[in-house]
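Take a walk through this chain, from the overall fold down to single residues. Keep the viewer open and follow along.

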Amino acid sequence: MCGILVSSTVTACAALTLPFLATPSSASTGSPATHDPGVTARSVPGSTQSLPLVPLHHKKRIAGGPEPTSTEQGLPQLEVKPFSLVGIVWDDAGAELRGHAQVRTRPVGSRDWADWQEVVTHDDDRPDPDSAEARAGRLRGSTAPLWVGASDAIQVRVRADAASGRTPAGSLPSGLRLELVDPGVDRTRSAAPPVPSENELAASAANVPLAPLGATEIPALGKPESEGDVDYTGVGDLQADDEEGGYPPDGYDPEESDRPGTADGGRYVGPRPRIVTRAGWGADESLRESGFVYTGAVRAAFVHHTASGNRYSCSQSASVIRGIYRYHVVSSGWRDLGYNFLIDKCGTIYEGRSGGVARPVKGAHTLGFNSNSMGIAVLGTYGTTNPSTAAVDAVADLTAWKLGLFGANPAGTTSLVSGGGNLYKKGTKVRLKVISGHRDGFSTECPGDRLYRKLGTARSVAARLQGR
């Protein structure tokens, strides 16, 4: 993929005057095995325990019967350091876990174990295979993360599916590991702010002038004022910074006029919604890679669910996001959080991958269609549970504004070129709805049937907010 890597050098003297918020005092905790890139003696909000799974048992062959068709790995009941989010990773990012994974946990302070919960094994939110993010060689295969709340004991079982046309009997990916994520303490509640790091400065500076340096949120604006946000997409500047072949990047269709300020001059930009910044939800910027990667435009929005379960309160949303962020970067090997935006059940919108909320930041959310799109994840699982009205309204509010900055009609369609996936071969030109579900670009159950059915409402509301 032809992305645009922008460096993030900021002068040290500026750091001394910024109203940045503190890093918590809780240090990164250990485990039987940990992998925290960039961790120093400075306190870090959260930790990851990484535990290898072991064989549980093999099915015995019945005399005269067929060979056993599955095998199991997992962990027996095990007491561990506190964690709140779990997932399973494996060595080969291209391999699939064709089977079922279940966990049960014990809440902190309790002697009773919770019921078994399913972990979604097919997590198709990931970087494109030929992107610089994938070529870095850090990617691992991974399940979706599951939010379980504060726990200090775990039991795990993973069972392979029976043999099929594509999967040999009893096959599980190699190197299966359980990831236990402690999202840490919200850094905004710490009392003694340190000098912000270069990554912290860069992440915040990418949202100027929508909000001042160190801001924990980007304020809402009415429609007339929001039309001026077209000037802050950075597309003209990014074009000059592209060192991988110039504008347009892969996936851009020159037959479509979608660059900001070309056709409508910002006339169809919806009102800007309130957005909680990365500083607001307490991102540990030392985890991610430095710099940002951009694409040419934002011509489509792919809506996801995080498949992390619905057992969270809105007061826990920032913790859930910190957990997913750490799982994407530390456990799965991505450069940053995969989604461009996240929305909780109360309708609060959160900045995801760093690089500026108005800019065309390249995410890792829809394999094959990460260029010229954005990924919006609604926290929760919506296969059989209805999303809240507030969350659907927030999808409409966000897409009305962000798509409007690039001249895209939320009720319309657009053409994207596939970077390769299980629905469309690489190089295939695909006509998609401007607001699509993840399943429209990749064969997956995401964003869940109940959320997918609400996308029509989000499209019509977003178009109305744009004044179409």
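Predicted model: local features only at pLDDT ≥ 70, side-chain atom pairs only at ≥ 80, totals over all residues.

The chain has 468 residues, and 55% of them count as buried. Its secondary structure comes to 11 helices and 19 strands. The accessible surface is about 18300 Å². Carbon and sulfur atoms hold 51% of that surface.

Now turn to the strands. Start with strand β9, residues 177–182. β9 pairs with β2, residues 47–52, through six bridges. The two run antiparallel. Within this pairing, T48 stands opposite V181 of β9. β9 also pairs with β4, residues 71–90. That pairing is antiparallel too, over five bridges. Here I88 faces L178 of β9.

Next comes a sheet of seven strands. What is their order? Reading across, it is β10-β11-β15-β14-β16-β13-β19. The sheet is open and its pairing is mixed. Which strands stand at the edges? They are β10 (217–218) and β19 (435–437). Each has a single partner strand, so one side of each is left without a neighbour in the sheet. For β10, strand β11 (residues 275–276) pairs with it in the antiparallel sense, over two bridges. I218 has I275 of β11 as its bridge partner. A helix packs on this sheet: α8, residues 389–404. α8 touches β11, β13, β14, β15, β16 and β19. The direction of α8 makes about 165 degrees with that of β16.

Stay with β13, which spans 301–305. H305 is found in this strand. Is H305 buried or exposed? H305 counts as buried because its relative accessibility is 9%, under the 20% cut-off. The side chain of H305 reaches the backbone oxygen of P447 at 3.2 Å. C446 is also a buried residue, at 6% relative accessibility.

Follow the chain on from β13. The loop between β13 and α7 (317–331) holds C314. Which residues does C314 contact beyond its neighbours within four places in sequence? They are D344, K345 and C346. The C-alpha atoms of C314 and T348 are 8.6 Å apart, although 34 residues separate the two along the chain.

With C346, the contact is a covalent link: C314 and C346 form a disulfide. Their sulfur atoms are 2.0 Å apart. The count for the model comes to one disulfide. The link is right-handed, with 95 degrees about the S-S bond. C314 sits in the loop between β13 and α7, and C346 in the loop between β14 and β15. The two cysteines are 32 residues apart, so the pair links distant parts of the chain.

How accessible are the two ends? C314 is partly exposed, with 23% relative accessibility. C346 is partly exposed as well, at 48%.

Note on methods:
Residues numbered from 1 in each chain as written. Heavy atoms only, no water. Helix = DSSP H or I, 4+ residues; strand = E, 2+ residues; numbered from the N terminus. Buried < 20%, exposed > 50% of the residue type's maximum accessible area, 1.4 Å probe, protein only. Areas by Shrake-Rupley, 256 points an atom, 1.4 Å probe, with all protein chains shown as cover. Contact = heavy atoms within 4.5 Å. Polar contact = N/O pair within 3.5 Å; in protein donor to acceptor, adjacent residues only side chain to side chain. Pairing = 2+ DSSP bridges. Axes fitted to C-alpha atoms, helices over the stretch in contact; angles between N-to-C directions. Disulfide = S-S within 2.5 Å.
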